[in-house]
Amino acid sequence: MLSAHRTAAVCLLAVAGLLGLPAGSAVADTPADKPTWSIAPSSGSGTRAAEDGRPYFYMEGAAGTVLEDTVTVTNPGAVPTTVKLRAAEAYNRADGSFAVRDTKGAEKAQDAGSWLSFADDEVKIPPRTAARVPFSVAVPDGAMPGDHPAAVIAQVGERKLGVRVHLRVSGPTLSAVTVEKVAIDGDWITYSLVNRGNTVLAPKLAVHAEGLFGEVLDRAARPLPVELLPGRKVTLREPWTDRPAFDSVRVELTVSADGAAEDSQAAEVRLVPWAAVAGGAALVAGVAGLAVFAVRRRRALEAFKAELQPQDGQRALVSAGPVSARTDSEGPVSAGTDSAETVSAGTGEIK
């Protein structure tokens, strides 16, 4: 909390501490579709003051202390603007991108975002004027040493602007990062990075892969587009579009960061062109099917031909022409009459 002396100063700033911009400023002609207000760390304030401005807030102190700084909200427009100020806590999304979480609502901040408070969280700024708004960070007793990132958020209507707060609690620091869950997924190498220390890290990644016939991939360590916050885990992936089509490969990832020891993990994968294998299998199956069909057809024809051949007991019944017969009661039967019995050629069956 701010002291009584500081509170009085805050009130004075709110009433008479508005800084006028030069009357001839080009901002007066700002188009309607351009931003009409902005925020930035105040020059000459904070634990690392800079006369030429600061891109972010840097604050450092021991647990149990109160740190103070000032944010400048500028209104270059021709009409008054009311700006709402709030604190937010920083974190990493699963893909590694930097994000902030409001100190209110379902995901209430539990770290530095809840330590920060403003002298006035709603400021009305006259036209062409800049207001300096003090804020404080009350570091609780027992706070863990190391980095505790947060942000100052300003909002007018639906438009929001933010400035990062790099807060460090004094004490021993540890930089440590590990790589986990390395896997091959199509043309990608997926993996997870975990910040196991208490400082913000800018990790670097090296990739190496060996196949049955030698090296197939070698990428030197390069910075990743990730600002890995303490205690956070992110899941990333590395492209591998030129991987071999057929090989057994061991892929090793090595992660490093300033002040942190390297850590490596590997994964083994057998790369098989399944489409080609499936096509070859289908071709083999087709050829085998044709071969079986041909064998079965040949056997069927041989069996059919065997059935066409007359048996030994049937050959006496076969004659080249009509068979004549004679009985006691009748006269001779002339060859070729209706009463003659003939053998159908090739069947051995009497009709």
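Helices (H or I, at least four residues) and strands (E, at least two) are DSSP runs, numbered from the N terminus. The model is predicted: local features need pLDDT of at least 70, side-chain atom pairs count only at pLDDT 80 or more, and totals for chains, interfaces and linings use all residues. Residues are numbered from 1 along each chain as its sequence is written, and side-chain values use heavy atoms, with hydrogens and water left out.

**Exercise 1. Describe the surroundings of T81.**

Solution. 

Step 1. T81 is found in strand 5, which covers residues 81-92. The chain has two helices and 19 strands.

Step 2. Classify its accessibility. Buried means under 20% relative accessible area, exposed over 50%, and partly exposed in between (1.4 Å probe, protein chains only). With a relative accessible area of 8%, T81 is buried. Buried residues make up 32% of the 351 residues in the chain.

Step 3. List the contacts, where contact means heavy atoms within 4.5 Å. Leaving aside neighbours within four places in sequence, T81 is in contact with W37, N75, V123, K124, I125 and V156. For the chain, residues 24 or more positions apart account for 66% of the contacts with a separation of 6 or more.

Step 4. Look for a polar contact, which is a pair of N or O atoms within 3.5 Å; within protein, one must be able to donate a hydrogen and the other to accept it, and residues adjacent in sequence count only if both atoms are side-chain atoms. The side chains of T81 and N75 make such a contact at 3.4 Å.

Step 5. Compare sequence with space. T81 and P126 are 45 residues apart in sequence, and their C-alpha atoms are 6.6 Å apart.

**Exercise 2. Identify which residues touch the most other members of the largest nonpolar core.**

Solution. 

Step 1. A nonpolar core is a set of buried Ala, Val, Leu, Ile, Met, Phe, Trp, Tyr and Cys residues joined through side-chain atoms within 4.5 Å. In soluble globular proteins, nonpolar side chains tend to be buried together.

Step 2. Name the residues. The largest core has 29 residues, and L85, W115, L116, F135, V137, V165 and L167 touch the most other members.

Step 3. Find the contributing strands. Those that each supply at least two residues include strand 3 (57-61), strand 4 (66-75), strand 5 and strand 9 (129-138).

Step 4. Examine one member. Apart from neighbours within four places in sequence, V137 is in contact with M59, T65, V66, L67, W115, L116 and L167.

Step 5. Note the other core. A second, separate core of 25 residues includes L224, L228, V249 and A260.

**Exercise 3. Determine the strand order of the open sheet of three strands.**

Solution. 

Step 1. State the pairing rule: two strands pair if DSSP finds at least two bridges between them.

Step 2. Read the order. The sheet runs 13-14-17, with antiparallel pairing. Strand 13 (177-185) and strand 17 (233-239) each have a single partner strand, so one side of each is left without a neighbour in the sheet.

Step 3. Inspect one pair. Strand 14 (residues 188-195) and strand 17 are joined by seven bridges. Across this pair, S192 stands opposite T235, and W188 stands opposite P239.

Step 4. Follow the faces of strand 17.
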